[in-house]
Amino acid sequence: MKDDKNLIGIIDYGGSNLKSVFNAFNKLNIVCEICDDYSKLDKYDKLILPGVGAFELASKQLKANGFFNKIIDKVNSGTPILGICLGMQLLLNSSEEYGYSKGMGLIDGEVKSFKNIGVNPHIHMGWNDIKITNNSNILGEGNETYYFVHGYYCDIKEQEFVAAKVHHGLSFDVAYERNNIFAVQFHPEKSQKNGLSLLKKFANL
């Protein structure tokens with residue numbers, strides 16, 4: 001599906017997993033570009049905020065290269081965004097990773113540590129079934145399996161917009177949908193058939 005009027009921008013703020021996200025869209029024959037210049041974000045009809053790594057560093061990188069406020073403005077003006085893994089966490093109000101770090105505040109919630117509440121292992125890594133909790137435009141209708149790797153989890157206050165949860169020591173929020181804001185804690189780009197289906201649905205919104 002080549003559609004230059006539905007151009008997807010994958011935000012490159014110095015984080016990782018950009019190429020795997022790019023390759024997943026290419027596999028679906030969906031037009032996308034990696035964007036490392038905040039001043040060019042206006043050309044994109046949809047945004048992907050990926051990320052693997054530390055919240056504090058990613059937040060600083062987003063601010064240093066001009067993306068932080070530009071993303072907030074684009075999303076508040078109605079541009080659809082999909083946050084993936086750390087990209088989801090960055091959309092929340094704050095994280096307790098390495099102390100306190102402020103997020104974009106586009107999702108009302110906090111990022112918390114498995115370690116601080118005694119969950120072992122501290123890193124949630126591997127394939128898990130998610131539990132659908134609300135209607136979703138990008139998830140399937142039944143409970144599906146996705147690939148996870150993260151040491152911190154999202155605690156979202158707006159439970160009416162939480163689309164799915166998973167269990168790893170506790171039940172926590174792994175998918176969020178509100179208007180033009182979409183976010184998933186797992187990695188759709190590494191989740192084979194289910195992940196590609198999710199990315200295709202986001203592209204077709």
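The model is predicted: local features need pLDDT of at least 70, side-chain atom pairs count only at pLDDT 80 or more, and totals for chains, interfaces and linings use all residues. Residues are numbered from 1 along each chain as its sequence is written, and side-chain values use heavy atoms, with hydrogens and water left out.

## Annotated domain and site

An unreviewed UniProt entry places the feature "domain: Glutamine amidotransferase" at residues 10-202. UniProt positions follow the numbering used here, feature names are shortened, and annotations may be inferred rather than shown by experiment. The span is 24% helix and 33% strand, and its end C-alpha atoms lie 13 Å apart. Helices (H or I, at least four residues) and strands (E, at least two) are DSSP runs, numbered from the N terminus.

The unreviewed UniProt entry also lists Cys85, His187 and Glu189 under "active site". These residues span 105 residues in sequence, yet no two of their C-alpha atoms are more than 10.7 Å apart, so they gather at one spot. Of these residues, Cys85 is included in the lining of the largest pocket. Here a pocket is an open set of points on a 1 Å grid over the protein atoms alone, where a 1.4 Å probe fits, with protein on both sides within 12 Å along at least five of seven lines; lining residues have an atom within 4 Å of a point.

Histidine 187 sits in the loop between strand E14 (181-184) and helix H5 (192-203). Not counting residues up to four places away in sequence, histidine 187 touches Asn17, Gly51, Val52, Ile84, Cys85, Tyr147 and Val149, where contact means heavy atoms within 4.5 Å. Cysteine 85 belongs to the loop between strand E4 (81-84) and helix H4 (86-90).

## Accessibility of single residues

The table gives relative accessible areas; buried means under 20%, exposed over 50% and partly exposed in between (1.4 Å probe, protein chains only).

| Residue | Relative accessible area and class |
|---|---|
| Histidine 187 | 0%, buried |
| Cysteine 85 | 4%, buried |
| Glycine 126 | 15%, buried |
| Tyrosine 98 | 61%, exposed |

Cysteine 85 has a positive phi of about 55° although it is not a glycine. Tyrosine 98, also not a glycine, has a positive phi of about 55° and is found in the loop between strand E5 (92-95) and strand E6 (101-102).

The peptide bond from asparagine 120 to proline 121 is cis, with omega near -5°. Proline 121 lies in the loop between strand E7 (107-113) and E8.

Strand E8 (residues 124-129) contains glycine 126. Apart from neighbours within four places in sequence, glycine 126 is in contact with Tyr146, Tyr147 and Phe148. Between glycine 126 and asparagine 29 there are 97 residues in sequence and 27 Å in space, C-alpha to C-alpha.

## Packing of H2 and H3

Helix H2 (residues 55-64) and helix H3 (residues 67-76) pack at an angle of about 85°, with their axes 5 Å apart. That makes H2 roughly perpendicular to H3, a class that covers angles of 65 to 115 degrees, beside roughly parallel (under 35), roughly antiparallel (over 145) and oblique (the rest). Axes are lines fitted to C-alpha atoms, for helices over the stretch in contact, and angles run from 0 to 180 degrees between N-to-C directions.

In this pair, Ser59, Leu62 and Lys63 of H2 meet Phe67, Phe68 and Ile71 of H3.
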